[in-house]
Each structure stands twice: as structure tokens, then as C-alpha cells.
Amino acid sequence: DDVPTMKDDFLFPTLTPIYLCGNSLGLQPRALQKSIISQLDKWAHEGVEGHFLGDTPWLDIDSIVTDSLCKLLGANADEVVLMNSLSANLHFMLTSFYRPSSCRMKILMEKRSFPSDYHVVISQLQLHGYDVETALLELHPRINEVILRTEDIIDTIITHGDTIAVILLSGVQYYTGQLFDMEAICVAAKSKGCFVGFDLAHAVGNVPLELHDWGCDFACWCTYKYLNCGPGSIGGCFVHEKHGKGGVPITSPTSSQFEKSASGVSKEVILDEEVHHEDVESTPRLRMAGWWGHRREDRFLMDPTFIPCNGVNGFRVSNPPVLLIACARASLDLFDKVGIHALRQKSIRLTGYLETLIQSELNGMVNIFTPSDPAQRGCQLSLSINLSNCQWKGDGDDIESILVHRLKEDGIVCDFRKPNVLRVAPTPLYNTFEDVFVFVSALKKILNNI
């Protein structure tokens with residue numbers, strides 16, 4: 001292992017020191033409390049002047065994480081920001097990018113997306129007055145398959161792209177652990193004039209990303225999984241620089257922009273599509289606005305005219321939560337020490353070792369339905385328990401409580417999803433090959449004596 005573990009930089013639960021649940025909630029970095037306390041002390045000693053004094057004036061405190069985020073996301077400095085929460089940011093982005101017309105009104109997403117993504121998309125369709133049955137287009141795996149094939153995703157985009165306004169997919173699928181080919185999806189989306197965005201909750205901090213070069217239009221993520229920023233912590237947002245025009249007031253569409261052309265497509269939508277293809281914005285995109293998105297130099301003049309900052313900062317609405325940014329800074333320091341590409345190489349070996357042990361020690365008792373190709377997965381493996389091949393004699397509904405309880409007795413925690421799925425995520429920042437060995441040994445013993 002040429003990437004040493006950073007286990008000592010994290011705090012582990014006392015009763016479950018083998019923590020394979022970073023795909024649900026990451027561990028607390030040891031330095032996080034100190035980072036928070038330093039800001040609390042600053043508040044105590046400086047009060048409102050803390051906005052302007054010291055190494056991290058609160059006025060621009062979200063900028064202290066920008067460089068680190070750029071490395072993780074493959075983005076420019078004016079394309080990434082921490083703000084709001086994941087689902088709120090998805091609403092913000094769809095408000096700006098989902099500009100439907102009578103011909104192009106559909107949103108494409110994968111079947112079995114995370115439920116909150118469904119709630120966001122369906123409510124956006126309803127707010128625009130569309131029938132979900134006709135305006136929501138879902139990607140389904142082939143019969144008797146669990147994983148979405150890249151060629152099927154691309155074929156759907158090419159076939160239906162003329163009716164798709166926005167494509168919203170996961171970066172890494174939360175249930176299956178599948179890593180989507182985001183670059184290929186972006187290329188296909190652009191060829192059909194669709195905007196494309198990603199929910200990166202299970203991707204950021206897990207796999208390297210190149211959002212700018214791929215031409216992704218927008219992306220959102222949480223920071224409490226692989227980024228280890230704490231439960232319910234701040235969300236993140238990416239907006240490609242081609243959509244980040246600022247410095248001038250946002251103008252309302254005129255009535256003529258909503259007049260229907262002969263083809264039935266509104267001129268506003270035609271303009272949006274031309275902008276997308278040319279990668280140019282002559283005026284700022286419409287958005288839900290707030291005062292912290294107003295350009296910095298005259299924000300405090302309190303003029304009611306909204307003039308957005310350049311880049312993604314123009315999509316902010318409120319001043320950044322200082323304590324949550326402090327949490328993020330403590331965690332991102334650890335990523336900066338190692339680098340996402342080195343972590344990815346260790347992750348491939350770590351998850352590959354888990355896969356090998358499961359296949360050799362649990363053959364027949366457990367099926368892995370995450371892709372076997374490392375290029376199509378992150379660190380997570382999703383396992384279905386074959387109760388018929390175990391010594392299980394109880395009711396299938398009891399398997400969760402029994403299995404999770406037995407694992408905890410052995411000091412192990414991972415995520416269970418009904419009816420019979422374990423999601424196991426050896427995280428390269430703090431998990432070791434020994435952790436993986438102990439987990440498989442414990443699971444084998446449990447399934448043979450359950």
C-alpha cells in the first residue's frame with residue numbers, strides 16, 4: 001500500500017471501529033473541532049468585525065475551500081461554491097436550467113434515483129404544469145439486469161434528445177454503486193441541445209471528476225458522505241463558466257421572447273439552445289436570486305437591482321455559514337495532503353480486494369451487483385444476501401436486524417437496504433486492507449451461523 005492510511009486523522013465510533021459506512025455518513029476528522037472552535041473564539045473576541053478581520057474574514061470565508069474543491073471536481077475557481085443543501089441546490093439549478101417548451105419539456109433521470117431527486121424533479125415538473133407521466137423520462141436497466149449500460153443511456157439521449165430539456169443523473173448511483181460515464185453523457189447531451197447536470201453526492205471525494213472539461217452544465221452534491229463534513233452539512237454547487245455571466249442586471253424576458261415560432265418552440269427556449277451550443281451567454285441566466293449573489297463591490301449599497309457576481313457565486317442567496325465552512329476546511333485539508341488521484345488508485349485496490357475475498361469466501365451466499373469493472377464503480381460494493389444459500393431459518397423481514405446487530409457485535413458498521421442488500425464502502429482515507437479482511441471473515445461466520 002503506497003498510500004498510507006490517514007486513520008489517525010479521524011475519530012472512530014467506540015463500538016464500531018471498523019467503519020465501512022462512509023457512503024452514508026463520513027467520519028469526523030480529528031482537526032474538525034479545532035477548526036470550529038477557532039471561529040467560535042473569533043466570534044467571541046471580534047463580534048461583527050469578524051467579517052473583515054483575520055486570516056479568514058467571514059465576508060469571503062467560502063473562498064478558503066475553493067482551490068480544494070477545484071481539485072476534486074476538475075473545475076475552475078469561478079465554477080464551484082459551497083451553499084445551501086443538496087436538494088435545495090437541485091431546485092435552484094432546475095429553476096435556472098429547466099426552461100421547458102411545448103416541444104422540449106422532458107427531464108431524463110435514472111430509474112431508482114435517490115428519492116429526494118425524484119421529489120425535486122417531480123415537483124419542478126408540476127410547478128411548470130406538466131403531467132409527470134409524459135414529462136418524466138426514466139432510464140431502466142435491461143430485463144434481468146440491475147446496471148444501466150452506457151450504450152443504452154446514450155441511445156436514449158440520441159433517440160429522445162429533441163424532447164429533453166434537462167438530463168439529471170447521478171455521478172455514482174447510490175444503490176448499485178455504479179459510476180456513470182459522465183463525459184460520454186455530456187457529449188451526447190450537447191449533441192442534442194440538452195442541458196445536463198449531475199447529483200454528485202456519492203461521487204465527490206470518491207472518484208476524480210473533470211466537470212469543466214466534460215462540459216457539464218451544472219452539478220450539486222452534499223458534503224457529509226465522502227467529504228466528511230458532518231451530518232446535514234453544507235451542500236455544493238458547480239455551474240460551468242459558460243453560464244456564469246455576471247456584472248450586469250438580469251433582465252426579464254420580454255413578451256416577444258415568449259411568442260411561439262412556427263414550429264411551436266418558444267423563442268426563449270430557442271435562445272437557450274443556441275446559447276448551449278455556442279457555449280456563450282450574452283446576459284446572465286435567470287435564477288432565484290439573493291443578496292449574497294450580488295456582485296461584491298456594491299453589495300452593501302443595498303440597491304434593489306440585482307447584479308450577479310461572475311460565475312457560480314452569482315447563484316448564492318445568503319452569506320455562507322461560517323461554522324460549516326470551517327468543517328469543510330478541516331476535511332479538505334486531508335484530501336489536499338494525499339490528492340484525489342492517489343486516493344482513487346488506493347480505492348481501486350481496496351475495493352478490488354473486497355471483491356476478491358467475497359468471491360472466494362462467500363461464493364453462493366452473496367452476490368455483488370455493482371459493476372466488476374473498476375472504471376464503472378467507486379469504492380462501494382452493493383451485496384445481495386442469498387438467504388436460501390445460508391443457514392438462515394427465520395423470516396426474511398428479520399434479516400436486517402439480525403445481520404446488522406451481529407456485525408455491530410464484531411465492531412463493524414455498514415449500510416443495509418431492504419430487502420437484503422448490504423452497501424459496503426471501504427473508504428481509502430481511513431479504511432485499511434485489514435478492515436476489509438475482518439469484515440469478510442465476520443460476514444462469513446454470521447451467514448454460516450445465522
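Which strands form the open sheet whose pairing is antiparallel, and in what order? Point 5 takes this up. This is a predicted model, in which local features need pLDDT of at least 70, side-chain atom pairs count only at pLDDT 80 or more, and totals for chains, interfaces and linings use all residues. Residues are numbered from 1 along each chain as its sequence is written, and side-chain values use heavy atoms, with hydrogens and water left out.

1. **The seven-stranded sheet.** Seven strands make an open sheet with mixed pairing. Their order is E4-E10-E9-E8-E7-E5-E6. Helices (H or I, at least four residues) and strands (E, at least two) are DSSP runs, numbered from the N terminus. Two strands pair if DSSP finds at least two bridges between them. The edges are strand E4 (80–82) and strand E6 (136–139). Each has a single partner strand, so one side of each is left without a neighbour in the sheet. On average, neighbouring strands of this sheet are turned by 20° against each other, direction ignored.

2. **Pairings within that sheet.** Strand E5 (residues 106–110) runs parallel to E6, and four bridges join them. Ile107 has Leu136 in E6 as its bridge partner. E4 and E10 run antiparallel and are joined by three bridges. Here Val80 has Phe238 in E10 as its bridge partner. E10 also pairs with E9, in the antiparallel sense, over four bridges. In that region Cys220 stands opposite Cys237 in E10. Strand E10 (residues 236–239) is covered on both faces. Gly236 and Phe238 are buried on one side, and Cys237 and Val239 are buried on the other. Buried means under 20% relative accessible area, exposed over 50%, and partly exposed in between (1.4 Å probe, protein chains only).

3. **A helix across the sheet.** Helix H7 (residues 182–191) lies across strand E7 (164–170) and strand E8 (195–199). H7 runs at about 155° to E8. Axes are lines fitted to C-alpha atoms, for helices over the stretch in contact, and angles run from 0 to 180 degrees between N-to-C directions.

4. **Two helices side by side.** How do the axes of helix H6 and H7 cross, and within what distance do they come? The axes of helix H6 (residues 150–160) and H7 come within 9 Å and cross at roughly 10°. That makes H6 roughly parallel to H7. Angles under 35 degrees count as roughly parallel, over 145 as roughly antiparallel, 65 to 115 as roughly perpendicular and the rest as oblique. From H6, Ile153, Ile154, Ile157 and Ile158 meet Ala184, Ile185, Ala188, Ala189 and Ser191 in H7. Contact means heavy atoms within 4.5 Å. By class, the contact of H6 with H7 has eight nonpolar residues, one polar and no charged ones. Ala, Val, Leu, Ile, Met, Phe, Trp, Tyr, Cys and Pro count as nonpolar, Asp, Glu, Lys and Arg as charged, and the others, Gly among them, as polar.

5. **The four-stranded sheet.** Here is the reply to the opening question. Four strands form this open, antiparallel sheet, in the order E11-E12-E15-E14. E11 and strand E14 (415–417) stand at the edges. Each has a single partner strand, so one side of each is left without a neighbour in the sheet. The twist averages 30° from one strand to the next. E12 and strand E15 (residues 421–424) run antiparallel, joined by four bridges. Ser382 stands opposite Arg423 in E15.

6. **Helices on the four-stranded sheet.** Helix H12 (residues 399–409) packs on the sheet and touches E12, E14 and E15. The direction of H12 makes about 170° with that of E14. Helix H13 (residues 433–448) lies across E11, E12 and E15. H13 runs at about 10° to E12.

7. **His294, a loop residue.** Is His294 buried or exposed? His294 counts as buried, because its relative accessibility is 6%. His294 lies in the loop between helix H9 (267–278) and helix H10 (322–338). A polar contact of 2.9 Å links its side chain to that of Asp298. A polar contact is a pair of N or O atoms within 3.5 Å; within protein, one must be able to donate a hydrogen and the other to accept it, and residues adjacent in sequence count only if both atoms are side-chain atoms. The side chain of His294 also reaches the backbone nitrogen of Ile307, at 3.2 Å.

8. **Ala375, another loop residue.** Ala375 lies in the loop between strand E11 (366–368) and strand E12 (381–385). Ala375 counts as exposed, because its relative accessibility is 54%. Not counting residues up to four places away in sequence, Ala375 touches Leu179 and Arg344. Ala375 and Asp181 are 194 residues apart in sequence, and 8.8 Å apart in space, C-alpha to C-alpha.
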